[in-house]
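Dear colleague,

Please find below the structure that I was asked to pass on to you.

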Amino acid sequence: MGIDNVLAAAWAGLRRLHPAEAWTAAQEQDTFLVDTRPAFQRRVGEVPGAIVIERNHLEWRLDPNSSSRIPEAVHTDIRWIVLCEEGYSSSLAALSLRAVGLPHATDVIGGFQAWTAAGLPFTRRSRPTRPRGPGEGAEI
């Protein structure tokens, strides 16, 4: 099938969000923005309020049936909006979340690159936020 076909199928099956739509949606109840970028990419900046979960742990942290879930993963109706660097791996991640029973998962078109180009808020930290572990809530 090839990765281009898999990606095209993911895009056809998702209602993807432009960055401004994602920012607005993330303010709604039961909707969370999830940044899956690795630390070296997040050094450039992070989206305020985004939950940091690196891609290799995503399904385990967001599945409400997983013993490794985060506190926000309380039911399958949560809308998870995945953000990566350019909007490719986030689409595959959203598709994977749907496959494990999270039907409202989607992603941000163009990723963090499009986010910053749209002039949306981001912060630079001296050290990137540590990804969430099992059961861990937001940092204070």
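Predicted model: local features only at pLDDT ≥ 70, side-chain atom pairs only at ≥ 80, totals over all residues.

Four strands make up an open sheet, arranged in the order β2-β1-β3-β4, and their pairing is parallel. At the edges are β2 (51–52) and β4 (106–107), each of which pairs on one side only. In general, the strands of a sheet pair through backbone hydrogen bonds, in either a parallel or an antiparallel manner. Five bridges join β1 (residues 31–35) to β3 (residues 79–83) in the parallel sense. To locate this pairing in the model, you may look for Val 34, whose bridge partner in β3 is Val 82. A helix, α5 (residues 89–99), lies across β3 and β4, and runs at about 155 degrees to β3.

Arginine 132

Arg 132 belongs to the segment that follows α6 (111–117). Is this residue buried or exposed? Arg 132 has a relative accessible area of 10%, and it therefore counts as buried, the cut-off being under 20%.

Its side chain has two backbone oxygens to note. A polar atom of the Arg 132 side chain lies 2.9 Å from the backbone oxygen of Glu 136. The backbone oxygen of Gly 137 is reached by the Arg 132 side chain at 3.2 Å.

Leaving aside residues up to four places away in sequence, Arg 132 touches several others, among them Ile 51, Val 52, Arg 61, Glu 72 and Ala 138.

Yours sincerely,
A colleague

Conventions:
Residues numbered from 1 in each chain as written. Heavy atoms only, no water. Helix = DSSP H or I, 4+ residues; strand = E, 2+ residues; numbered from the N terminus. Buried < 20%, exposed > 50% of the residue type's maximum accessible area, 1.4 Å probe, protein only. Polar contact = N/O pair within 3.5 Å; in protein donor to acceptor, adjacent residues only side chain to side chain. Contact = heavy atoms within 4.5 Å. Pairing = 2+ DSSP bridges. Axes fitted to C-alpha atoms, helices over the stretch in contact; angles between N-to-C directions.
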